[in-house]
Amino acid sequence: MEYWQNIYANFDVVAFELFGLKVHWYGIMYVLALLVALLIAKYFAKKDKMGISNSMLDSYFIWVEIGVILGARLGYILIYDANTLWYLANPWQIFNPFYNGEFVGIRGMSYHGAVVGFLIATYAFCKKNKQNMWKYLDLVAISVPLGYVFGRIGNFLNQELFGRATDVPWGIYVDGVLRHPSQLYEALLEGVVVFGVLFFVRKFKKYDGQLIVYYTMLYAVARFICEAFREPDFGLGYVFIGLSMGQILSIIMFLLGLFLSFYLKNIKKIF
């Protein structure tokens with residue numbers, strides 16, 4: 001247990017160097033997350049006979065990945081970063097992977113920003129290719145959670161998004177303070193548990209869009225719980241009545257899920 005508690009002192013966030021560029025474990029986990037999500041999507045598209053070809057999924061994957069990266073980065077800059085005004089005045093720096101001439105990658109991504117970018121990309125793709133958007137969103141709902149596990153493990157290995165101070169024996173020392181490994185809590189609850197529930201309820205799906213509704217609400221609840229063990233974002237702290245920004249956004253996300261459920265149940269044909 002002592003080694004586990006001091007794992008950060010014995011672990012290098014850089015996996016290896018390639019032609020002078022440092023490849024971080026976070027980057028590797030991010031790529032694995034994308035590949036796992038795509039493979040799971042192809043599996044369920046075929047298993048559940050959704051009528052979506054692999055070639056169409058490959059194309060959709062590219063559109064969505066662009067939307068997710070843009071949304072996640074811009075969302076972080078606008079919601080969480082303490083230098084928002086500086087970035088807005090110097091927009092070319094938002095995706096600049098170099099700092100003082102050294103390649104450090106792009107750090108700072110917002111999940112909720114990624115959701116917005118993902119939705120815009122999905123709408124644009126389905127509109128252009130005349131596809132049923134809700135069917136694609138249902139496929140994403142069952143595909144994303146397990147990929148998300150790798151993303152949170154990447155956060156853990158990258159030594160970021162620390163948990164709150166604690167005295168539990170499985171805590172991790174961060175700068176001399178024992179903290180919850182909240183990234184792993186999120187990997188389990190927001191990833192594995194959400195996937196397990198959706199895997200089961202998909203068999204009882206009654207309309208297109210039902211799974212993405214469930215995912216939206218399940219993730220919101222899981223994230224709200226995990227935020228109780230996660231250190232509030234630097235520069236923001238507790239935003240309102242003891243709630244973090246992540247919890248406030250999760251409440252909004254849950255309410256949007258409720259609205260979407262009502263919307264889909266009461267309108268027979270959308271698009």
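Predicted model: local features only at pLDDT ≥ 70, side-chain atom pairs only at ≥ 80, totals over all residues.

Residues are numbered from 1 along each chain as its sequence is written, and side-chain values use heavy atoms, with hydrogens and water left out.

Now the overall build. The protein has 9 helices and 8 strands; these are DSSP runs numbered from the N terminus, with helices (H or I) of at least four residues and strands (E) of at least two. Its C-alpha atoms fill a box of roughly 55 × 40 × 35 Å along the principal axes.

How much of the protein is buried? Buried residues make up 45% of the 271, where buried means under 20% relative accessible area, exposed over 50%, and partly exposed in between (1.4 Å probe, protein chains only). As for who touches whom, take the contacts (heavy atoms within 4.5 Å) between residues at least 6 apart in sequence: 67% of them join residues at least 24 apart.

On to charge pairs. Side chains of opposite charge can pair when their charged atoms come close. A search of the whole structure turns up 11 salt bridges, each being a side-chain nitrogen of Lys or Arg within 4 Å of a carboxyl oxygen of Asp or Glu. One of them joins Glu190 and Arg152, at 3.9 Å from N to O. Glu190 lies in helix H7 (residues 182-201) and Arg152 in helix H6 (residues 133-157), so this pair ties together parts that are 38 residues apart in sequence. Both ends are tucked away: Glu190 is buried at 1% relative accessible area, and Arg152 is buried at 7%.

Stay on helix H7 and find Glu186. Its side chain meets Arg223 in a salt bridge of 3.8 Å, N to O. That links distant parts of the chain, with Glu186 in helix H7 and Arg223 in helix H8 (residues 210-227), 37 residues apart. Glu186 also pairs with Arg230, at 3.3 Å from N to O. Here the partner, Arg230, sits in the loop between H8 and strand S7 (238-240), 44 residues from Glu186. Glu186 and Arg223 are buried, and so is Arg230. Put together, salt bridges that share partners join Arg152, Glu186, Glu190, Arg223, Glu227 and Arg230 into one network.

Gln183 is in helix H7 too, and it's buried, with a relative accessible area of 2%. Leaving out residues up to four places away in sequence, Gln183 touches several residues, including Arg152, Tyr8 and Phe162.

Finish with two loops. Lys49, between helix H2 (25-47) and helix H3 (54-79), has a positive phi near 50 degrees without being a glycine, and it's exposed at 76% relative accessibility. Asp175, between strand S5 (172-174) and strand S6 (177-179), has a positive phi of about 50 degrees although it isn't a glycine; Asp175 is exposed, at 80%.
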